[in-house]
Amino acid sequence: MNKISVKFCGLKTLAEVDAAIAAQVDAIGLVFVEKSPRFITPEQALPLAASAKQSGVKVVALFADHPVEVVEQVIQVIEPDILQFHGAESGAFCEQFNRAYWKAVPMLAVSDYVSYMINYPKAEAFLLDAFGGKTTGGSGQAFKWFKLPDEWLSKLILAGGINADNVALALTATGAQFIDTSSGIESVPGVKSTTKMMALMAQIKAFQTALQLNKSTT
């Protein structure tokens, strides 16, 4: 099994970024959705993005049905590695910035997630997240997990209510190779907990170690 990649999303302070770096995450997410408790401005995000990049951690900028000029402003200020779209953006909208992008799939609203993803042929990856209907962006709730198909596995990121208590179950049920969490590592909405960050990463490492041991004894 490949190493399980991890993204901590919705970071707002340098201390949170430092904690994420110490936890050895692969990516951080910065949220530019104003109604979110995790919202930050491009200017506030700049030192966070710089710190992450300096440590080799990818920076993901999150949007939801933003005007083109807002996305372009964020790109100009923080130069994110990846754009993440959480709204009803079309494939053409996401592609126009000529940057790697991820598209969130509203698992509570779509009956066929593969048909949804086909509309974004140039997406680098897809977040399977628990939102839909009147909710834009992650709800902090988990959708019903299922085994992810091998042919899509390298492009699928599992999100939605993942925390230290359920991450092993989520990985077992889905076979996911990439985990994205936000509310699952918070003490209150919008405030990250270093303790919860470390606990989640410890569970993922324990899961991988157990998997390798099982493989070596079979």
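## Packing of helices α1 and α7

Axes here are lines fitted to C-alpha atoms, for helices over the stretch in contact, and angles run from 0 to 180 degrees between N-to-C directions. In this predicted model, the axes of helix α1 (residues 14-22) and helix α7 (residues 194-216) come within 10 Å and cross at roughly 20 degrees. Angles under 35 degrees count as roughly parallel, and α1 and α7 are therefore roughly parallel to each other. The crossing in which α1 passes α7 is right-handed.

On the α1 side, the residues that meet α7 are E16, A19, A20 and A22; their counterparts in α7 are T194, M197 and M198. By class, this contact of α1 with α7 consists of five nonpolar residues, one polar residue and one charged residue.

L30 belongs to strand β2, which spans residues 27-31. The relative accessible area of L30 is 0%, and the residue is buried. Leaving aside residues up to four places away in sequence, L30 touches L11, I40, A45, L48, A49, V59, V60, A61, L62 and I78.

## The loop residue H86

H86 is located in the loop between β4 (82-85) and α4 (91-95). Is this residue H86 buried or exposed? H86 is buried, because its relative accessible area is 3%, and buried means under 20%. The side chain of H86 is also joined to that of Q84 by a polar contact of 2.9 Å.

Methods. Residues are numbered from 1 along each chain as its sequence is written. This is a predicted model: local features need pLDDT of at least 70, side-chain atom pairs count only at pLDDT 80 or more; totals for chains, interfaces and linings use all residues. Side-chain values use heavy atoms; hydrogens and water are left out. Helices (H or I, at least four residues) and strands (E, at least two) are DSSP runs, numbered from the N terminus. Angles under 35 degrees count as roughly parallel, over 145 as roughly antiparallel, 65 to 115 as roughly perpendicular and the rest as oblique. A crossing is left-handed if the near helix is turned anticlockwise from the far one by less than a right angle, and right-handed if clockwise. Contact means heavy atoms within 4.5 Å. Ala, Val, Leu, Ile, Met, Phe, Trp, Tyr, Cys and Pro count as nonpolar, Asp, Glu, Lys and Arg as charged, and the others, Gly among them, as polar. Buried means under 20% relative accessible area, exposed over 50%, partly exposed in between (1.4 Å probe, protein chains only). A polar contact is a pair of N or O atoms within 3.5 Å; within protein, one must be able to donate a hydrogen and the other to accept it, and residues adjacent in sequence count only if both atoms are side-chain atoms.
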